[in-house]
Structures are given as structure tokens and as C-alpha cells.
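Q: I have a model open and want to learn to read its packing. Can we go through it feature by feature?

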Amino acid sequence: MRTHDLLGIGLGPFGLSLAALADGVDDLDAVFLDQRPAMSWHPGLLLEGATLQVPFLADLVTLVDPTSPWSYLCYLRARGRLFRFYLAERFQVPRAEYDDYLRWVAESLPSCRFGRRVEALTWDGGAPDGGAFVATVTDTATSRRSTVRARAVVLGVGTEPVVPAAFTDLLGKRVVHAGQYLDARPALLEAGSVTVVGSGQSGAEVFLDLLRAQPQTGTALRWLTRTPAFAPMEYSKLGLEHFTPDYTGYFHGLPQPAREALLPAQWQLYKGISAATIAEVYDLLYERTVGGRGVDAVLQPAVAVESARAEGDGHVLECRQVQQDRTFTVATDAVVLATGYAARRPALLDPLLPLLDPDEHGRYRVDADHRVALRCPGGLFVQNAETHTHGVGAPDLGLGAWRAATILSAVTGRPLVDVPQQGAFTTFGAP
């Protein structure tokens, strides 16, 4: 059976970045699988007017290889939009266009295969070739099963929506995660009241969209968040140096207790709201209150939803103002959970559990090359499952190409592209 050099599982932006950079390596035999029928990127949040929070240069390849044929500029040229982009003078691009860019790359790369679900991953250590991973794969269109062998595997399976325990049994048409917002939007616009829980960028965009529609719907709105404020994303130039290889290396070298203490304090680096979105929300509220008019919208930070229950046609949320330590209830017809995403170990790894070497919290131990600690010689790598070891830049699109190039160099044993290791003026740590 053919043994590939590299098998990529999952084709989100990070897996696709790996595929795009691997495409330029002539002697690398790589294949990439995804269970979805086609490429799509957060389709439930492709709101009109929503943009990326990073510049277009944070595409799949440019910050590592700006000459790649899979850059955003090459995509614009292929779509006949290069002059329009030039005249638009946009550094942050529409989220819908970025989604189209990803689809263009995925459909153009022969190594990317959709409709292939990896059921299980095992290690065959007795093979004549020195050992390889064996993936059991199901063709989702035909249900036929096959196997794929590879010396190295990269997990790019992405993160899963976080649903607080209080809402697990209430999910439905009117209690939805923000990731399904567009599908649920018609039902939400018909609700008499909607509560948005969570104040990251997606929560702000959902609240803003509902607020814009409020003159037509008359829906009462409430926005709750555990964070102490509806705070902006840290977007100063020196602050953004936390999203460089320099800081990633510094963070990885810290003792684990220091990393554990540092991450929660950095929430504004990756859980804040863009200043532009905050401004739009405020400006709408301001205009609606001209002449002493009221606006049926309540914004409450520092509030934890401790439990929730269905009552009649709606829901009742038991809340606590954490700074005052005071409880209160909220009656609402519908709830949108902008409660983020989290990395979880996929079930396909279950056969490898005896070979994994997790930390005391059950998480991957991940080295500087993004390789997971294993009790076998195979190379298993992760993308966006290593925030606990690599810091706040793990989920950031701006570091995706750098991480992909780092993994490719580790897989091949040689630097395939010029992987930048220095990008910050800040000196992190003692000299």
C-alpha cells in the first residue's frame, strides 16, 4: 500500500494553509481530507458587512511565501477583482470574500479531497517501512471505506462550539450557538425578545445585526457577558506583537504554571471586539435615543448565566452580577450563545490513546514544532489545539502560514521555505 509522507485531516484555513505551502514542494507526497462536501468557513456568521479582524496579508501563504500562487492577491487576479480591490483601499477584507478565497484554493489543489471522513487513526509499527499511521476513511457520498497510510499526520480538525451546560438541553430554533446564527435568524427576528450571551466579536456582530433590524421587528434585545466590560480588541501595534513567532517561542518556553496564569489575563488580545463594531453599536444606540426616545436594548457586563430553563414559549435565565454578587432573572423568548469555540480531542484518535503522552490536565504536550508527544516514532502535529502551549496566537490567522511552514520543515527534516522567526521589536523575556 502506498505510504504518503503527510496526511492532513481537516481543511479549515490552517489545514488549507498547509496544503497550499506543501503544493510547492515537489518531492513531498501529501494528501488532505475533510468530511464536509465542500469548503466553507463559518457560514453561519457570514453577515453582510462583516470583515476579518486581520489584514488580507494574513492569508494562507503570504507571510511565509509572498510569491506563492495561492496568495490573496493571486485569488483577486483570478477572480478579475484586482483593480477593484486596489480602488477599494481595504486592509481588512469582507469575511464573505475570504470564504470565497478559501474555496478557490481548496478547489484548485489536487491534494485536497472533501467528503472523506476519517473514522480512526492507528499506528502500524511493524511495517517494513519503519512504521506509519493508518487512517480508516469513509467516503461520505458512497459510504465506502478505505485506508490511507502516512508517515506524518497533521490534525487541522478545528474547534467545536462551546455550549454552556445551562443551555445543553435547550438547544433548538430559538436557542442557538452564534455559529448557526444565519440559519436561525428568521426565527430570531420573529421573537419578541432575544438575549445574546457572550461579548466576543461574534456576539457583537449578532447583537449589531439584531439592533439594525429592530425598527422593523420590534424585538427587545439584551446583551450579557461575563467579562467586566464590552471591551475592544487590543489592536495597538506593539500589542499585536503577541501574534508573532517571537512571542510564540517565548510563551512556549515559559514554565507551565506561568502559562496557565498568563492566558486568562490576555483575554482582550483574542476575545475582545473590534473598535469599529463597538462604534457601530454605540452610534446606533445614540441615534435611536435622539429627542429623548427610548431604545429597547440592555447591555450588561460582569454577568454570569448560572442556569436556564424553558418556561411557556420562552426561557428564564438565572443570572448573577459577579462584581456585586447579586442574582436576578431574565425572561427571554430566544437566546444566541456567542460563547466561543474550544479545541477538543477528536474521536478518531481513540485508537491512539495508549500512545499519547498527555499533561496532567489531559491535554496534548506540544513541542516547538507543534508535534504532539507520542510513545511511538510517528509524527503527529496539531493546528489550533495548542493555545495552552503556544499562547494566544494559536487560533490567529496571522500565524497560520508560519505554523504550517514550521510543520512542513519538521516533517521533511529541512527548511522548505524561509520561515520568519523574528517579527517583533519587543524583547520578550530576559536577554
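Q: Start with a single residue. Is S111 buried or exposed?
A: One note before that: the model is predicted. S111 is buried, because its relative accessible area is 14% and the cut-off for buried is under 20%.

Q: Where does S111 sit, and what does S111 touch?
A: S111 belongs to the loop between α4 and β3. Leaving out residues up to four places away in sequence, S111 touches A19, A30, V31 and F32.

Q: Which residues does L16 touch?
A: Set aside residues up to four places away in sequence. L16 then touches L11, M39, L60, L102, V105, A106, L109 and C112.

Q: How do I read a packed helix pair?
A: Two packed helices are described by the angle between their axes and the distance between the axes. Take helix α1 (residues 13–22) and helix α12 (residues 400–412). They pack at an angle of about 55 degrees, and their axes are 9 Å apart. The two helices are therefore oblique to each other. The crossing of α1 and α12 is right-handed.

Q: Which residues of α1 and α12 meet?
A: From α1 come F14, S17, L18, L21 and A22. From α12 come G400, A401, R403, A404, A405, I407 and L408. By class, the residues of this contact are 9 nonpolar, 2 polar and 1 charged.

Q: Next pair. At what angle do α6 and α10 pack?
A: Helix α6 (residues 201–217) and helix α10 (residues 275–288) pack at an angle of about 25 degrees, with axes 10 Å apart. That makes α6 roughly parallel to α10, because angles under 35 degrees count as roughly parallel. The crossing of α6 and α10 is left-handed.

Q: Which residues of α6 and α10 meet?
A: On α6, the residues are Q201, A204, E205, F207, L208, L211, R212, Q214 and P215. On α10, they are T277, E280, V281, L284, L285 and R288. This contact has 8 nonpolar, 3 polar and 4 charged residues.

Q: Compare a strand residue. Is T195 buried or exposed?
A: T195 counts as buried, at 1% relative accessibility. The residue is in strand β9 (residues 193–197). Apart from neighbours within four places in sequence, T195 is in contact with R222, L224, L317, V330, T332, A334, V335 and V336. T195 and D100 are 95 residues apart along the chain, and their C-alpha atoms are separated by 31 Å.

Q: Last, the backbone. What is phi of H42 and of E89?
A: For H42, phi is near 45 degrees, a positive value in a residue other than glycine. For E89, phi is near 50 degrees, again positive in a residue other than glycine.

Q: Where are H42 and E89 found?
A: H42 lies in the loop between β2 and α2. With a relative accessible area of 35%, H42 is partly exposed. E89 is in the loop between α3 (82–88) and α4. With a relative accessible area of 72%, E89 is exposed.

Key. Residues numbered from 1 in each chain as written. Predicted model: local features only at pLDDT ≥ 70, side-chain atom pairs only at ≥ 80, totals over all residues. Heavy atoms only, no water. Axes fitted to C-alpha atoms, helices over the stretch in contact; angles between N-to-C directions. Helix = DSSP H or I, 4+ residues; strand = E, 2+ residues; numbered from the N terminus. Parallel < 35°, antiparallel > 145°, perpendicular 65-115°, else oblique. Left-handed = near helix turned anticlockwise from the far one by under 90°. Contact = heavy atoms within 4.5 Å. Nonpolar A, V, L, I, M, F, W, Y, C, P; charged D, E, K, R; others polar. Buried < 20%, exposed > 50% of the residue type's maximum accessible area, 1.4 Å probe, protein only.
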